[in-house]
Amino acid sequence: MDNLIYIGSLILVALLIFTFNRTNNTKLMLLAVAIGAYIIYSHESGHTATEFKDKMINSVDKSAEKFVDKYDTDIKDAEKVKKESQK
């Protein structure tokens, strides 16, 4: 089933590229080529945009935790921050 979806999506992208090329719509054709390249890359390597996003979010979360630990900033409420800075 996975191979049918993969082949079907590549055929659909190829038809879109052909159609966009025939109508001289270069920008959409290049976008379709990029989508096709992403489909092939993610299928062959197993790396997806969602995996990349999750890694980036986890990295930012860990960095924020290190920052909080380093500077001892346990204040999460913006109103408390304003009150503390005015004292």
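Predicted model: local features only at pLDDT ≥ 70, side-chain atom pairs only at ≥ 80, totals over all residues.
Visitor: How do you know that the span of α1 agrees with its number of residues?

Guide: Helix α1 has 21 residues, and at 1.5 Å a residue they should span 30 Å. The end C-alpha atoms of α1 are 30 Å apart, so the two values agree.

Visitor: And what does the span of α2 look like against the expected one?

Guide: Helix α2 runs over residues 26-45, which is 20 residues. From its first C-alpha to its last, α2 reaches 28 Å, close to the expected 28 Å.

Visitor: Which residues of α1 are buried, and why are they said to line one face of the helix?

Guide: The buried residues in α1 are Tyr 6, Val 13 and Phe 20. Seen down the axis of α1, the buried residues fall within an arc of 60°, so they line one face. These buried residues pack against α2. Exposed residues sit on the other side of α1, among them Asn 3, Leu 4, Phe 18 and Arg 22.

Visitor: Why is Leu 12 called exposed?

Guide: The word exposed is used for a relative accessible area over 50%. Leu 12 has 52%, so Leu 12 is exposed. This residue belongs to helix α1. The C-alpha atom of Leu 12 is separated by 9.8 Å from that of Ala 32, and the two residues are 20 residues apart along the chain.

Visitor: What makes the buried residues of α2 lie on the same side?

Guide: In α2 the buried residues are Met 29, Ala 32, Gly 36, Ile 39 and Ser 42. They cover an arc of only 155° around the axis, which puts them on the same side of α2. What covers them includes α1. The face turned away from the buried side of α2 carries Lys 27, Leu 30 and Glu 44, which are exposed.

Visitor: Why is α1 called roughly antiparallel to α2?

Guide: Two packed helices are described by the angle between their axes and the distance between the axes. For α1 and α2 the angle is about 160°, and the axes are 8 Å apart. Angles over 145 degrees count as roughly antiparallel, so α1 is roughly antiparallel to α2. The crossing of the two helices is left-handed.

Visitor: Which residues make the contact between α1 and α2?

Guide: On the α1 side they include Tyr 6, Leu 10, Val 13, Ile 17 and Phe 20. On the α2 side they include Met 29, Ala 32, Gly 36, Ile 39 and His 43. Tyr 6, Val 13 and Phe 20 are also buried residues of α1, and Met 29, Ala 32, Gly 36 and Ile 39 are buried in α2.

Visitor: Where is Asn 24 found, and how do you know whether it is buried or exposed?

Guide: Asn 24 lies in the loop between α1 and α2. Its relative accessibility is 67%, and the cut-off for exposed is over 50%, so Asn 24 counts as exposed. The phi of Asn 24 is near 55°, a positive value in a residue other than glycine.

Note on methods:
Residues numbered from 1 in each chain as written. Heavy atoms only, no water. Helix = DSSP H or I, 4+ residues; strand = E, 2+ residues; numbered from the N terminus. Expected span 1.5 Å × (residues − 1). Buried < 20%, exposed > 50% of the residue type's maximum accessible area, 1.4 Å probe, protein only. Arc of directions from axis to C-beta. Contact = heavy atoms within 4.5 Å. Axes fitted to C-alpha atoms, helices over the stretch in contact; angles between N-to-C directions. Parallel < 35°, antiparallel > 145°, perpendicular 65-115°, else oblique. Left-handed = near helix turned anticlockwise from the far one by under 90°.
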